[in-house]
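Please look over the structure below before reading on. The briefing that follows takes it topic by topic.

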Protein chains: 2
Amino acid sequence: MTKVNDNYLKLPGSYLFSTIAKKVAAYGEANPDKKDNIIRLGIGDVTRPLTPTIITAMHKAVDEMADEATFRGYAPDLGYEFLRKAIADNDYKKRGCDIEADEIFVSDGAKCDSGNIQEIFARDNKIAVCDPVYPVYVDTNVMAGRTGTYDPDKETWSDVIYMPCTSENGFAPEIPSGEVPDLIYLCFPNNPTGATITKDALQKWVDYANEHKSVIIYDAAYEAYISEDNVPHTIYECAGARTCAIELRSFSKNAGFTGVRLGFTVIPKDLEVEGTKLHSLWARRHGTKYNGAPYIIQRAGEAVYSAAGQEEIRGLVGYYMKNAAYILNGLKDAGFEVSGGVNAPYIWLKAPNNMSSWEFFDYLLSEVQIVGTPGSGFGPSGETYFRLTAFGSYENTVKAVDRMKQL
Amino acid sequence: MTKVNDNYLKLPGSYLFSTIAKKVAAYGEANPDKKDNIIRLGIGDVTRPLTPTIITAMHKAVDEMADEATFRGYAPDLGYEFLRKAIADNDYKKRGCDIEADEIFVSDGAKCDSGNIQEIFARDNKIAVCDPVYPVYVDTNVMAGRTGTYDPDKETWSDVIYMPCTSENGFAPEIPSGEVPDLIYLCFPNNPTGATITKDALQKWVDYANEHKSVIIYDAAYEAYISEDNVPHTIYECAGARTCAIELRSFSKNAGFTGVRLGFTVIPKDLEVEGTKLHSLWARRHGTKYNGAPYIIQRAGEAVYSAAGQEEIRGLVGYYMKNAAYILNGLKDAGFEVSGGVNAPYIWLKAPNNMSSWEFFDYLLSEVQIVGTPGSGFGPSGETYFRLTAFGSYENTVKAVDRMKQL
């Protein structure tokens with residue numbers, strides 16, 4: 001008799017953003033007169049169209065697929081050389097980081113990679129996560145049976161080390177003083193708080209991981225939003241990261257590829273666990289369970305690194321960061337407790353009047369038809385907080401802030 | 001201290017097609033004068049360009065992504081309604097099968113789905129596979145720790161039920177008479193043998209699965225190649241399949257999407273295991289670990305189902321099946337023992353002179369520069385067999401057969 005993976009059954013509720021989508025749909029149905037008034041600053045989805053250089057590259061690649069002489073079938077397991085080289089050169093070598101093209105694994109996005117990467121580790125590894133953080137890290141470890149039992153009151157798992165990031169510590173995780181985690185998920189600029197880490201602080205994590213033979217999974221999906229000096233763009237800026245760190249990157253938020261799907265994972269060949277190169281394990285996973293990102297999309301990714309592409313990307317990021325500044329300053333003026341929004345497209349605010357995160361979600365939706373993301377959905381320390389994104393149109397962002405000022 | 005998933009370490013060698021690619025590259029380097037002479041009939045990759053209707057649809061979708069008004073960000077978790085409906089209508093309802101659009105999960109290909117589907121089942125489920133068969137089924141179960149220990153002499157896993165498909169039984173698996181498997185992988189038309197199953201025979205599998213509460217994972221990636229009556233195009237032609245069967249489908253082999261990446265999985269809502277709908281578990285996996293196929297690619301998939309698209313697809317399949325017939329008849333004439341090639345793009349031949357599969361691989365490569373796939377790579381009963389594909393150009397196919405005739 002077939003049996004299901006009962007780890008799936010332990011997951012409380014559905015994936016955060018699916019829940020939000022359902023709640024918003026239900027509100028729209030119950031309030032048809034207000035449906036068109038809804039402004040979505042919840043899910044981190046971009047709204048600006050793809051830029052001209054990307055579009056041109058994709059049209060060209062589509063045409064290549066129409067011609068027998070230039071048609072492409074299966075992509076190389078780990079991605080096309082043209083893209084892996086562009087990534088290694090632009091994202092790493094230009095910053096003085098020693099990462100080669102064959103240490104880059106092209107994929108269909110950082111969500112997939114951040115969900116799948118845990119597979120190459122043993123089930124009894126102990127994970128540590130920032131709290132709050134992107135829920136995929138914990139959820140995928142739950143599915144793998146790595147997290148112990150769930151406490152519905154505390155909303156925590158018995159076998160997960162939570163590293164609280166609160167206003168008290170400037171939303172920066174502290175290095176665990178007790179039990180040593182095997183896998184440490186770090187995400188900077190952080191989703192959802194928008195907080196960053198200095199290079200010196202990140203170096204301490206790298207040193208800790210090397211000393212304790214832990215592995216850091218460093219999610220740098222929001223790297224393009226860094227505006228301040230002394231904030232590392234990649235963990236490989238830190239000495240010793242090649243022996244302890246995996247980095248996840250995305251084209252979703254810099255180039256607007258949320259619906260295009262492209263990302264990559266970096267695993268240095270120096271990174272060994274119990275004498276096994278993690279690079280080999282991940283290559284084996286790619287070769288066995290994955291068939292590469294579409295050729296057309298990989299050409300789009302390559303175009304991101306052209307001079308024109310880079311200029312356009314700066315324009316896109318600038319557009320969203322203008323929104324971020326408007327939200328940050330507007331809500332500050334209105335008396336909200338806010339942070340983030342300087343090196344990240346996320347603004348993290350404290351719900352007023354002791355409201356819980358979900359109470360504030362319902363309140364904002366029903367009073368001013370604004371959709372945000374409840375902070376508690378990102379971990380227990382996110383409770384009473386709320387995330388707004390800068391990914392809306394400027395017009396909607398202004399409208400949303402003006403509405404919130406009137407609350 | 002971090003530990004790796006040591007199930008990965010149990011995998012013998014690398015993924016079959018990676019090994020072949022490496023061997024061919026090494027041969028080309030060692031024999032530069034013969035490198036350009038190599039004809040690849042090994043990996044099941046298509047060679048014909050995408051057809052006009054698909055190309056037009058992709059250009060249109062690319063343009064939509066360039067315009068704020070029509071730009072698309074994250075796709076719906078389970079795929080766009082326009083594609084799911086086209087699939088349900090054309091692949092199922094038109095054949096009288098009761099499958100709804102919301103039972104279709106759009107993905108980036110059947111390889112990924114066939115590798116990931118095992119995740120929603122418990123680790124102590126026992127799997128049964130046809131022998132020989134597409135290696136991804138077994139390899140991904142090895143990675144999950146579900147297959148026991150490996151016997152390097154027999155090339156079998158202790159906890160896998162192998163169902164031999166040999167010339168003695170017409171390359172059709174027999175229903176297990178002993179231990180009942182929990183998960184039964186069936187692939188028809190079969191990769192690699194090209195064999196099919198009649199509707200009556202498949203009905204027996206469905207009845208068996210329902211009676212024993214097993215789940216069938218039915219891989220129908222080669223459905224478009226079926227030319228004979230009485231060969232089911234989908235498992236849902238069988239009564240009762242909605243309560244026991246998952247079906248995997250691909251756009252790779254009908255529409256030539258190997259480098260475009262699109263597939264889908266069907267999980268009927270009636271399919272329950274221990275009171276849990278597998279549909280819910282797979283939806284949860286999609287929502288948590290996947291972010292949808294690219295919008296542009298999903299529009300390409302929709303175009304496959306247009307009247308013009310269907311006509312073009314028939315042309316593509318016809319092209320490859322002309323190759324298949326040429327190989328089948330040519331090798332028969334030359335005295336080889338061959339099968340397949342009538343309802344599938346694969347020809348299955350017995351290596352002559354008691355050669356092993358890999359001996360024949362090396363012999364063909366070195367003597368006539370033809371690359372095929374060793375049958376032993378698909379399972380122990382594939383030993384001494386060899387797979388040729390019809391996916392080359394017609395010119396190369398003719399050349400290859402003529403060369404083999406001269407051996």
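In which sense do β8(B) and strand β9 (residues 245-250) of chain B pair, and over how many bridges? The two strands pair in the parallel sense, and four bridges join them. The model is a predicted one.

- Strand β8 covers residues 215-219 of chain B, and five of its five residues are buried, so the strand is largely enclosed by the rest of the structure.
- B:Val215, B:Ile217 and B:Asp219 point one way from β8(B), while B:Ile216 and B:Tyr218 point the other way.
- Strand β7 (residues 183-187) of chain B runs parallel to β8(B) and is joined to it by five bridges.
- Between β7(B) and β8(B) the chain passes through helix α7 (residues 199-212) of chain B, in a right-handed β-α-β crossover.
- B:Asp219 in β8(B) stands opposite B:Cys187, and B:Asp219 also stands opposite B:Leu248 in β9(B).

**The four-stranded sheet of chain B**

- Four strands of chain B form an open sheet in the order β13-β14-β17-β16, and their pairing is antiparallel.
- The edges are β13 (338-340) and β16 (373-374) of chain B; each has a single partner strand, so one side of each has no neighbour in the sheet.
- Three bridges link β13(B) to strand β14 (residues 346-350) of chain B in the antiparallel sense.
- Within this sheet, B:Gly340 stands opposite B:Ile347 in β14(B).
- Helix α10 (residues 307-333) of chain B lies across β13, β14 and β17 (385-389) of chain B, and α10 runs at about 15° to β14(B).

**Helices α3 and α9 of chain A**

- Helix α3 (residues 52-65) and helix α9 (residues 295-304) of chain A pack at an angle of about 145°, and their axes are 8 Å apart.
- The crossing of α3(A) past α9(A) is right-handed.
- Residues of α3(A) in this contact include A:Ile54, A:Met58 and A:Val62, and those of α9(A) include A:Ile296, A:Arg299 and A:Glu302.
- By class, the residues of this helix contact are 11 nonpolar, one polar and two charged.

**The contact between chains A and B**

- Chain A gives 70 residues to the contact and chain B gives 70 residues.
- On the side of chain B that touches chain A, the elements that give two or more residues include α3 (52-65), α8 (278-289) and α9 (295-304) of chain B.
- The residues on that side of chain B comprise 32 nonpolar, 19 polar and 19 charged.

How values were computed. Residues are numbered from 1 along each chain as its sequence is written. Chains are lettered from A and ligands numbered from 1 in the order in which they are written. This is a predicted model: local features need pLDDT of at least 70, side-chain atom pairs count only at pLDDT 80 or more; totals for chains, interfaces and linings use all residues. Axes are lines fitted to C-alpha atoms, for helices over the stretch in contact, and angles run from 0 to 180 degrees between N-to-C directions. A crossing is left-handed if the near helix is turned anticlockwise from the far one by less than a right angle, and right-handed if clockwise. Two residues are in contact if their C-beta atoms, placed from the backbone, lie within 7 Å. Ala, Val, Leu, Ile, Met, Phe, Trp, Tyr, Cys and Pro count as nonpolar, Asp, Glu, Lys and Arg as charged, and the others, Gly among them, as polar. A residue is buried if 20 or more other C-beta atoms lie within 10 Å of its own, exposed if 12 or fewer, and partly exposed in between; C-beta atoms are placed from the backbone. Two strands pair if DSSP finds at least two bridges between them. A crossover is right-handed if, with the strands pointing away from the viewer, the path from the first strand over the helix to the second runs clockwise.
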